[in-house]
Amino acid sequence: MSNYPGGKMINDEIKSTLESDVKAVIAGYVKKPVAEIKMDQPLREQLGVDSFGMFELTFEFQEKYKLEIPEEDLKKMLTGNDIANWLAQKGKK
Amino acid sequence: MQERGTDRRQTIISYERRQFDRREGEFLFHKTVYLTDTNATGNTYFANYFDWQGMVREEFVRFIMPNCETFFQSGIKLITLEASMKYYYESVLFDNLLIKMKIGELKRTNVELVFNFFNEKTGKLLSEGRQRIAFATLAGRYIPVPMELIQAAKNKIKDLPL
């Protein structure tokens with residue numbers, strides 16, 4: 001995380017961009033309007049994303065951000081927030 | 001000496017024996033209906049068409065990848081995500097069927113296969129089927145469609161996406 005005064009603003013901006021990115025991909029995948037997607041919604045239970053769906057969703061992010069999501073991290077991704085937070089964490093490294 | 005009006009190529013490549021239609025990008029599979037395939041009313045039991053989808057896709061993999069046993073022994077599992085059939089006409093005992101299979105949608109995560117079942121004698125389209133397949137490790141973790149397989153398919157089918 002940046003230490004200069006504008007750092008928090010930049011981080012908020014990145015987080016917001018990631019969130020809208022994640023929302024857009026989820027919305028496209030479950031074929032719902034972006035406005036109907038909530039970041040804290042359980043992907044499996046409420047949006048009907050099965051295990052293959054999780055693979056497809058996360059594969060899209062892996063390709064886009066050139067990152068590999070380890071199996072143990074993938075299992076912890078239950079909501080859009082989890083995906084966005086993981087991407088944000090990896091982005092810092 | 002070649003007889004007038006005959007095409008020498010026809011004696012070499014018999015349509016019945018051809019495994020692949022290059023122009024259409026379709027794999028060809030021939031199946032005769034036997035008693036074991038039929039039901040009490042004498043026509044083919046509906047579920048057999050799913051079995052035949054499976055046979056055709058296996059033969060297709062063997063066709064594009066002659067060393068496919070090694071490929072499957074490497075621990076890659078093929079997973080059928082969905083399969084469907086639409087039936088238009090029946091087939092009965094001793095009917096010879098021509099099953100044409102082609103790749104529908106090819107994505108990095110899965111492949112769609114499209115099947116058309118014809119009566120070989122009449123040329124009538126009997127039924128259509130589709131299936132979507134994915135790949136996984138032995139441990140059950142999904143993996144992208146193996147590049148080895150995509151490359152093998154590309155060697156046979158032109159204009160394949162990816």
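These legends walk through several close-up views of a predicted model. Residues are numbered from 1 along each chain as its sequence is written, while chains are lettered from A and ligands numbered from 1 in the order in which they are written. Because the model is predicted, local features need pLDDT of at least 70 and side-chain atom pairs count only at pLDDT 80 or more, whereas totals for chains, interfaces and linings use all residues.

**View 1. Chain A at a glance is a chain of helices.** Chain A has four helices and zero strands, so its elements read α-α-α-α from the N terminus on (helices are DSSP runs of H or I with at least four residues, strands are runs of E with at least two, and both are numbered from the N terminus). The mean pLDDT of chain A is 86, and 86% of its residues reach 70 or more; pLDDT is the predictor's confidence in each residue, from 0 to 100. Among the elements of this chain, helix 2 has the highest mean pLDDT (92) and helix 1 the lowest (83). Of the 93 residues of chain A, 19% count as buried. A residue is called buried if 20 or more other C-beta atoms lie within 10 Å of its own, exposed if 12 or fewer, and partly exposed in between, with C-beta atoms placed from the backbone.

**View 2. Here is the largest nonpolar core.** It has 17 residues, and those with the most contacts inside it are Val22(A), Val25(A), Ile26(A), Ile83(A), Ala84(A) and Leu87(A). A nonpolar core is a set of buried Ala, Val, Leu, Ile, Met, Phe, Trp, Tyr and Cys residues joined through C-beta atoms within 7 Å. Helix 1 (7–30), helix 2 (51–65) and helix 4 (80–92) of chain A each supply at least two residues of this core. Apart from it lies another core, of 15 residues, including Met101(B), Leu113(B), Phe117(B) and Leu126(B). In soluble globular proteins, nonpolar side chains tend to be buried together.

**View 3. Zoom in on Ile26(A) and its neighbours.** Not counting residues up to four places away in sequence, Ile26(A) touches Ile37(A), Leu47(A), Leu57(A) and Gly80(A). Two residues are in contact if their C-beta atoms, placed from the backbone, lie within 7 Å.

**View 4. Two lysines of chain A have a positive phi.** Lys31(A) lies in the loop between helix 1 and helix 2 of chain A, and its phi is near 55°, a positive value in a residue other than glycine. Lys31(A) is exposed, with 6 other C-beta atoms within 10 Å. Lys66(A) lies in the loop between helix 2 and helix 3 (71–76) of chain A and has a positive phi of about 55° although it is not a glycine. Lys66(A) is exposed too, with 7 other C-beta atoms within 10 Å. Most residues other than glycine have a negative phi, and most peptide bonds are trans.

**View 5. Now meet strand 6 of chain B and its partners.** Eleven bridges join strand 3 (residues 76–87) to strand 6 (residues 125–137) of chain B, and the two run antiparallel; two strands pair if DSSP finds at least two bridges between them. Here Glu82(B) has Arg132(B) in strand 6 as its bridge partner. Strand 5 (residues 111–119) of chain B is also antiparallel to strand 6, through eight bridges, with Phe115(B) opposite Gly129(B). In the hairpin of strands 5 and 6, which has five residues between the strands, Gly123(B) takes a positive phi near 80°.

**View 6. Met65(B) sits in a loop yet is buried.** This residue lies between helix 2 (48–64) and helix 3 (68–73) of chain B. Met65(B) is buried, with 20 other C-beta atoms within 10 Å. Leaving aside neighbours within four places in sequence, Met65(B) is in contact with Phe71(B), Leu149(B) and Ala152(B).
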